[in-house]
Amino acid sequence: MKKKRSSSSYHWIKKHFNDQYVQEAHSKKLRSRAWFKLEQINKSEKIFKNGMIIIDLGSSPGGWSQYAQKYIQKKGMIISCDIMPMKPIQKVKFFQGDFFDSFFLEKITKCLNNKKAHIIMSDMSPNLSGISAIDIPKSINLLNSVLNFSCNFLRNNGTLLTKTFLGKDFDQCFKNFHSIFKEIKIIKPIASKLTSREVYILAKERH
Ligand SMILES: C[S@@+](CC[C@H](N)C(=O)[O-])C[C@H]1O[C@@H](n2cnc3c(N)ncnc32)[C@H](O)[C@@H]1O
């Protein structure tokens, strides 16, 4: 028997498909509406340059990798990772697995072959339960792990772009970013829903 959709999931689906960016992503054959967030960030911050080595964490369904792909050219590469599968994108090396898994770290190390990334970008967010006592520590742990990851795999003059959520609980995390990077900006691209506490941290140049 077919499962009946709850009215809240029906409203979510209706809202999703009426969303301007979802419609535009569909008509331009983009992998996700998240593509527009990266485009808006790059238009104002000019983070991508040709020939870059880019790591895309939480890449599926592939909007960000798709956006960054045009910048890699001959010299560069994109290494992407997600728990979920991702349909292949030309010149993008994708690993399916958990970012926290040592298997992924081994793969990255091998792929980079002693080089470091120019850009690490993470659009990951943990599975949210709606219970802040669970969600906030999970999100903070993820953010700190992305920061640690970039200490190992980002070059000194590289750029880290990562999703986070606003709230006083994240203050210590922001301090950690300030202790590692010289330049920090908090960005809310227009395509990011106003109702969401999601923002992006753009961190440049290690101390
Ligand atoms: C908002 S989506 C990313 C959208 C993507 N930037 C795009 O443009 O299509 C977040 C992704 O993070 C992934 N994710 C969350 N936690 C993860 C983890 N620990 N390891 C790998 N991927 C993770 C989820 O599976 C999800 O696909």
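Does glutamine 23 count as buried, partly exposed or exposed, and why? Glutamine 23 counts as partly exposed because its relative accessibility is 43%. The cut-offs explain the label: buried means under 20%, exposed means over 50%, and partly exposed is what lies in between. The residue sits in helix H2, which covers residues 20–27. Arginine 33 is 10 residues away along the chain, and the two C-alpha atoms are separated by 8.5 Å. The model is a predicted one.

Now follow the chain out of H2. The loop between H2 and helix H3 (34–45) holds lysine 29. Lysine 29 is not a glycine, yet its phi is positive, at about 60°. Most residues other than glycine have a negative phi. Lysine 29 counts as exposed because its relative accessibility is 70%.

A second case comes further along. Asparagine 114 lies in the loop between helix H5 (102–112) and strand E4 (117–122). Its phi is also positive, about 70°, although asparagine 114 is not a glycine. With a relative accessible area of 79%, asparagine 114 is exposed.

Next, look at the stretch that leads into helix H4. Proline 61 is placed in the loop between strand E1 (53–57) and H4. A cis peptide bond joins serine 60 to proline 61, with omega at about 10°. Most peptide bonds are trans. Helix H4 itself spans residues 63–72 and is mostly covered, with 7 of its 10 residues buried. Among the buried ones are Trp64, Tyr67 and Tyr71. An α-helix has 3.6 residues a turn, so residues three or four places apart point the same way. After H4 comes glutamine 73, whose phi is positive, near 45°.

Gly63 is one of the buried residues of H4. From aspartate 82, a polar side-chain atom lies 2.6 Å from a ligand oxygen atom. A polar backbone atom of phenylalanine 99 is 2.9 Å from a nitrogen atom of the ligand. For isoleucine 83, a polar backbone atom is 3.4 Å from a nitrogen atom of the ligand. The ligand taken alone exposes 600 Å², and the protein buries 83% of that.

The structure holds 1 cavity of 30 Å³ or more. The largest cavity has a volume of about 70 Å³. Its lining has 13 residues, and Met124, Ser139, Leu142, Lys163 and Thr164 lie nearest the centre. Helix H6 (132–153) and strand E5 (154–165) each supply at least two residues of that lining. The lining divides into 7 nonpolar, 5 polar and 1 charged residues.

E5 and strand E7 (198–206) are the elements that give two or more residues to its lining. E5 gives the most, with 4 residues. The lining includes Arg155, Asn157, Gly158 and Thr159, as well as Lys204 and Glu205. By class, the lining of the second largest pocket has 2 nonpolar, 4 polar and 6 charged residues.

Note on methods
Residues are numbered from 1 along each chain as its sequence is written. This is a predicted model: local features need pLDDT of at least 70, side-chain atom pairs count only at pLDDT 80 or more; totals for chains, interfaces and linings use all residues. Side-chain values use heavy atoms; hydrogens and water are left out. On a 1 Å grid over the protein atoms alone, a cavity is a set of points where a 1.4 Å probe fits but cannot get out, and a pocket is an open set with protein on both sides within 12 Å along at least five of seven lines; lining residues have an atom within 4 Å of a point. Grid points are joined across faces, edges and corners, and a volume is the space filled by probe spheres set on the points. Ala, Val, Leu, Ile, Met, Phe, Trp, Tyr, Cys and Pro count as nonpolar, Asp, Glu, Lys and Arg as charged, and the others, Gly among them, as polar. A polar contact is a pair of N or O atoms within 3.5 Å; within protein, one must be able to donate a hydrogen and the other to accept it, and residues adjacent in sequence count only if both atoms are side-chain atoms. Accessible areas come from the Shrake-Rupley method with a 1.4 Å probe; for residues, only the protein chains shown count as cover. Buried means under 20% relative accessible area, exposed over 50%, partly exposed in between (1.4 Å probe, protein chains only).
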